[in-house]
Amino acid sequence: ASDLIMYGDATDSNNTKRDTVQGILDLASGGYEFVSSGSASGGASIDFTNMVDGYDYIYVFQHISSASDAVSWTAEVGVSGPTYRTSGYKSSLVGINNAGSSTSIESTAHFLMVSSANEGMGSGSGEAIKGGEFVLFNPANSSTETAGQSQVVLYGGSPQLVPKFSAGYYETAEANVAVRFKTSSGNCTGTILQFRRARS
């Protein structure tokens with residue numbers, strides 16, 4: 001991926017230029033590139049403090065489990081420092097269980113991805129977020145309200161399988177350069193992969 005490629009730029013009088021293999025692939029695909037990963041082994045949260053303007057960010061969950069029963073899985077955005085925002089959100093979550101019953105809930109305290117009010121996380125064997133993702137749309141842009149959406153595969157505390165879908169935004173326009181993922185109480189274990197996509 002770091003090897004150099006020489007090419008003639010047709011938009012610049014065929015002047016010879018060079019780029020890396022990864023740079024060419026990023027231009028061609030317009031997709032996400034890996035940035036970093038974070039994990040917790042009985043920690044209170046998994047934090048990322050490296051977001052910059054001009055990118056959408058996607059966070060991929062890998063087997064997130066909880067030390068406590070009936071807890072929520074949430075995200076808070078934050079400004080440089082970091083200082084995390086614990087109010088001022090509009091976030092809506094829906095879950096559909098294997099019997100076809102659906103429930104929904106709203107939060108103003110954070111981005112809500114799993115709620116204890118409609119099949120929360122559990123601490124039993126095999127109970128966990130098996131996988132999922134959370135997308136933030138150009139969160140570090142100071143002129144826009146940070147919006148996000150998620151989809152989560154939860155085997156919850158009942159226990160039962162409940163897919164979760166959510167969307168929301170933070171109501172103040174500011175540069176959110178940090179995000180914190182955590183359970184509503186107790187500690188968590190698991191890994192989150194961070195990717196980003198250029199907006200131009």
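How many bridges join strand S11 to strand S12? Nine bridges join S11 (residues 128-137) to S12 (residues 145-155). This is a predicted model, in which local features need pLDDT of at least 70, side-chain atom pairs count only at pLDDT 80 or more, and totals for chains, interfaces and linings use all residues. Residues are numbered from 1 along each chain as its sequence is written, and side-chain values use heavy atoms, with hydrogens and water left out.

**View 1. Strands S11 and S12 run antiparallel.** Gly 132 has Val 152 in S12 as its bridge partner. Strands are DSSP runs of E with at least two residues, numbered from the N terminus, and two strands pair if DSSP finds at least two bridges between them.

**View 2. Eight strands form an open sheet.** The order is S3-S15-S5-S11-S12-S13-S8-S9, with antiparallel pairing. Strand S3 (33-43) and strand S9 (102-107) are the edge strands, each pairing on one side only. From one strand to the next the twist averages 15°, taken between lines fitted to C-alpha atoms, with angles running from 0 to 180 degrees between N-to-C directions.

**View 3. Strand S14 is joined to both S4 and S6.** S14 (residues 178-183) runs antiparallel to S4 (residues 45-48), with four bridges between them. Asp 47 stands opposite Arg 180 in S14. Six bridges join S14 to S6 (residues 73-79), and this pair is antiparallel. Here Thr 74 stands opposite Lys 182 in S14.

**View 4. The largest nonpolar core has 28 residues.** A nonpolar core is a set of buried Ala, Val, Leu, Ile, Met, Phe, Trp, Tyr and Cys residues joined through side-chain atoms within 4.5 Å. Buried means under 20% relative accessible area, exposed over 50%, and partly exposed in between (1.4 Å probe, protein chains only). Residues with the most contacts inside this core include Tyr 59, Phe 61, Trp 73 and Phe 181. Strand S5 (55-66) is among the elements that give two or more residues to the core, and S5 gives the largest share, five residues. Leaving aside neighbours within four places in sequence, Tyr 59 is in contact (heavy atoms within 4.5 Å) with residues including Phe 48, Met 51, Gly 132, Phe 134, Phe 181 and Ile 192.

**View 5. Tyr 55 and Tyr 57 form a tilted ring pair.** The structure holds twelve aromatic pairs. Their ring centres, those of Tyr 55 and Tyr 57, are 6.4 Å apart and the planes are at 55°, so the pair is tilted. Rings of Phe, Tyr and Trp (its six-membered ring) pair if their centres lie within 6.5 Å; planes under 30 degrees apart count as stacked, over 60 as edge-to-face and the rest as tilted. Both Tyr 55 and Tyr 57 are buried. The charged end of Arg 196 sits over the ring of Tyr 55, 3.8 Å from its centre; the criterion is NZ of Lys or CZ of Arg within 6 Å of the ring centre and within 35 degrees of the ring normal.
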